[in-house]
Amino acid sequence: MASTTGPTTPNASFASLSEQLSVPKLRTPSWVQTAQFLTRPDLFLERNWQRYGDVFRASIKGFGTGRHVVVSDPRYVEQLFKASPKDVRLGEVAKRPLVPIAGPSSLLVLDQPEHLRHRKLLLPHFHGQRMLAYTDIVRDATERSIRQWPADQPFALRPHMANITLEVILRAVFGVEHGSRYEELRRQLIRIIDDNLPVVLALVFPALRRDFGPIRSWSTLQDAKARVDAILYDEIARRRRPDAPTGQADILSMLIDARDADGDGLTDEELRDELITMLLAGHETTGSSLAWTFDLLLHHPAILHRLRDELAAGETGYLDAVVTEALRVRPVVVTSQRILTAPQTFDGFEIEAGTTVLASIWVVNRRPDLYEDPAAFKPERFLGQRPATYEWIPFGGGVRRCIGANFAPMEMREVIKHVVLSTELTAATPDLEKPHNRIVLVTPRNGTMVTFAGRRREHA
Ligand code: HEM
């Protein structure tokens, strides 16, 4: 993999002296920037990077502190991810949109020292070897999904992938088997995370947190949340009983037993918040990443054939490369944000405290100086080669790196393997999907339209 050397700002050599003295700044009004960021954040990041370079100022309303700096060079991203948690925070700003759903003790909104304490309790349950225990769950969920695909007519694959990933995370976290409790939890979670613009706006702008006549989305959210909470608290209480079975492999059981250095565990409220965080953060992200991967595979038949041949021969190296490359070229989360509580210097520019710094995942993953032909889907680039830490950042980095960064690729590998080996699936559209911003994720605009021509004979 190429490394970043020297100044990489595309237009650095043309920058005037005055531009070099202050951070380049977007000239469009804040509301235009906000609209562009909310509709096509990928284009917002890429075009402004091409125009303004590796460090530029922006102003996006309702997002972070409202005063932004976007950094797109791996060196600055590394600096940001490695900065002392005393100097960069997140929780305070993430609280406003996230607490109404995820609660005040969610990893997503905590800052030091509680953030570190929760991470230490959670992370051991997401390490490499542990992931092997979940592969059967993934295979089962995939098989159940395939049985529901309509034959010989185009359909959107993304919702089916999201169903698989919801089932997987529910079962991995709770060990819940199918039954009325599981179905109710699933139904209510879908009500919470449905692609619902009024709710998204209300989370960003608290003044909108009420019903407007017939638009009752806020009370619907409250109702769904209350039902989810009731099930989660009941599930926690059952696991805490002295006669509860021991040695369970699900994440909730293990979290209940987890203790910090002082011998303290998580309270019921903390457990509830972390459970819902995992369910919400782990489901649409992975489902949409799978939808992108199939969009890429089905539009690149040679890659698909090679993958199928290698899987049939029991080889998994190419599958790993496919997943790594899909997460590079189509990251569903396109920025990672931090709030500065102390000034930081990027590229010689001092950025003041109170600024929301956005690490541009989209641009870093697709830089031409790091990746040849960066917009192309070429799994070969990762064959036998792992990406460099700060040059491939679909899961962010540092002390806030995604805790599902092992779980999600494991899940993607298993789903892809099973679908590729056991189904005849073709693209239903001639071109690759365009990106579309769905709540906070960049997903395929039409949900990856495919046609299912039945099971492959050897696996029918
Ligand atoms: C392909 C799937 C996924 C992608 C692309 C993804 C991406 C991300 C990103 C970019 C972040 C922010 C990291 C940062 O700011 O440095 C994050 C955080 C997080 N993710 Fe994921 N994620 C995925 C799957 C999952 C799964 C399966 C889980 C649950 C098990 C999960 C749980 C979390 C949590 C709890 C955080 C907050 C971590 C913290 O603040 O300490 N994610 N994820």
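In which sense do strand 10 and strand 11 pair, and over how many bridges? Strand 10 (residues 435-438) and strand 11 (residues 441-444) are antiparallel, with four bridges. Two strands count as paired if DSSP finds at least two bridges between them. Helices (H or I, at least four residues) and strands (E, at least two) are DSSP runs, numbered from the N terminus.

This is a predicted model: local features need pLDDT of at least 70, side-chain atom pairs count only at pLDDT 80 or more, and totals for chains, interfaces and linings use all residues. Residues are numbered from 1 along each chain as its sequence is written, and side-chain values use heavy atoms, with hydrogens and water left out.

Two residues sit between the strands, and I439 takes a positive phi near 55°.

Now the ligand. Its iron atom has C402 (SG) as its only protein donor, at 2.3 Å. Donors are N, O and S atoms within 2.8 Å of the metal (3.2 Å for Na, K and Ca); water is not among the atoms, so sites may look incomplete. C402 lies in the loop between helix 18 (361-365) and helix 19 (407-422).

The ligand is surrounded by 29 residues, where near means a heavy atom within 4 Å. The closest are H115, R119, S336, R338 and C402. Helix 6 (114-122) and strand 5 (335-340) are among the elements that each supply at least two shell residues.

| Residue | Polar atom | Distance |
|---|---|---|
| H115 | side chain | 2.7 Å |
| G397 | backbone | 3.0 Å |
| R400 | side chain | 3.1 Å |

Conventions: Polar contact = N/O pair within 3.5 Å; in protein donor to acceptor, adjacent residues only side chain to side chain.
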